[in-house]
Amino acid sequence: MSAPYQVLLYYFYNHFPDPEGYREGHIELCNRLQLRGRILVGTEGINGTVSGSPKNCAAYQDYMNNHPLTKGMEWKVDEVNAHQFPKLSIKVREEIVPLGLKDEDFSPRDITGEYLNPTLWQEMMKGDDTIIIDARNQYEWELGHFDGALLPEVESFRELVDWVRERKENFQGKKVMTYCTGGIRCEKFSGFLKKEGLEDVYQLHGGIVTYGKDEQTKGAGWKGSCYVFDERIKVPVNHTHTAEVISSCIHCDSQSERYLNCEWSPCNARHFCCEACEKKSHGYCGDACYEAYMGSFASSALTE
Ligand SMILES: [Zn+2]
Ligand SMILES: [Zn+2]
């Protein structure tokens with residue numbers, strides 16, 4: 001029996017002449033199909049993730065596959081038990097992945113890295129003349145990543161630009177492989193590497209999510225889980241006996257993939273916390289945050 005809901009993940013680079021108008025029509029369409037999720041649309045294309053019933057998800061895919069602007073789009077589909085978003089949000093943005101390239105922006109339709117399917121990716125990863133770069137954020141990396149991959153120590157994609165420029169000499173003559181969750185960030189990141197003069201640049205087609213569904217590779221070579229931007233937070237990737245948890249509770253150091261946001265709202269730090277420690281820590285990332293919370297309580301009591 002199939003699951004009662006599905007999550008769709010997709011993106012498509014194409015020239016959208018009227019993103020505002022498209023948005024209006026798209027809100028109507030998604031509401032009619034009772035879809036929830038987050039969609040960004042801009043003149044450069046569309047990027048979205050939605051949940052809904054299998055019937056409505058199929059109708060949505062049908063619509064998009066037949067629309068002149070989104071014909072040829074690829075889909076990642078997951079079976080789930082319920083909606084994975086609290087509501088529907090469709091926004092018009094200059095960039096459909098916020099990279100902040102501004103005047104250096106370009107279309108991956110003009111320049112991008114060579115696509116590798118999961119099997120070719122896995123083979124190339126084993127070579128010793130390769131550099132594997134994770135194009136995601138640190139909190140995504142900490143939950144899981146490819147064995148042997150490199151996480152650039154940067155806060156934003158904007159800083160990644162400088163990070164690349166400072167060390168691209170070291171990458172010359174090597175095969176540079178890039179990956180991200182669903183593939184969209186690497187469309188531009190790998191394109192950027194090529195624009196910077198690197199020749200052997202590759203990207204994992206369909207991203208980690210596709211790799212984790214691949215029948216041949218079974219996700220081998222991946223450690224931990226994959227962070228996803230819906231209520232599931234994480235999905236499994238490695239379906240072999242080599243699967244392992246790589247993150248641990250910040251309080252007791254036991255293996256944990258449970259992400260919490262610190263209860264002290266000015267901190268809000270994302271941290272791993274096991275179920276037992278959540279009860280003891282009350283969801284604070286450390287004593288300092290717990291004491292800050294208690295302090296704020298005491299000082300507001302004094303002023304009353
Ligand atoms: Zn713990
Ligand atoms: Zn905190």
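Start by selecting helix α6, residues 184-195, in this predicted model.

Next, colour α6 by burial. The helix is mostly covered, with 10 of its 12 residues buried. The buried set is Ile-184, Arg-185, Cys-186, Glu-187, Lys-188, Phe-189, Ser-190, Gly-191, Phe-192 and Leu-193.

What covers these residues? Show the strands β1 (5-13), β3 (45-52), β9 (175-179) and β10 (201-204), together with helix α5 (157-171); the cover of the buried residues of α6 includes these elements.

Then move past the end of α6 to Gly-197. This glycine follows the helix and has a positive phi, near 105°.

Now select Gly-207, which is found in helix α7, residues 207-211. Is Gly-207 buried or exposed? Gly-207 has 24 C-beta neighbours inside 10 Å, and because the threshold for burial is 20 or more, Gly-207 counts as buried.

Display its contacts as well. Leaving out residues up to four places away in sequence, Gly-207 touches Tyr-179, Cys-180, Thr-181, Gly-182 and Gly-183. Cys-186 is one of the buried residues of α6.

Finally, zoom out and colour by domain. The chain is divided into domain 1 (5-92), domain 2 (104-224) and domain 3 (259-303). The centres of domain 2 and domain 3, taken over C-alpha atoms, are separated by 36 Å.

Note on methods: Residues are numbered from 1 along each chain as its sequence is written. Chains are lettered from A and ligands numbered from 1 in the order in which they are written. This is a predicted model: local features need pLDDT of at least 70, side-chain atom pairs count only at pLDDT 80 or more; totals for chains, interfaces and linings use all residues. Helices (H or I, at least four residues) and strands (E, at least two) are DSSP runs, numbered from the N terminus. Two residues are in contact if their C-beta atoms, placed from the backbone, lie within 7 Å. The expected span of a helix is 1.5 Å times one less than its number of residues. Domain bounds come from an automatic or database domain assignment.
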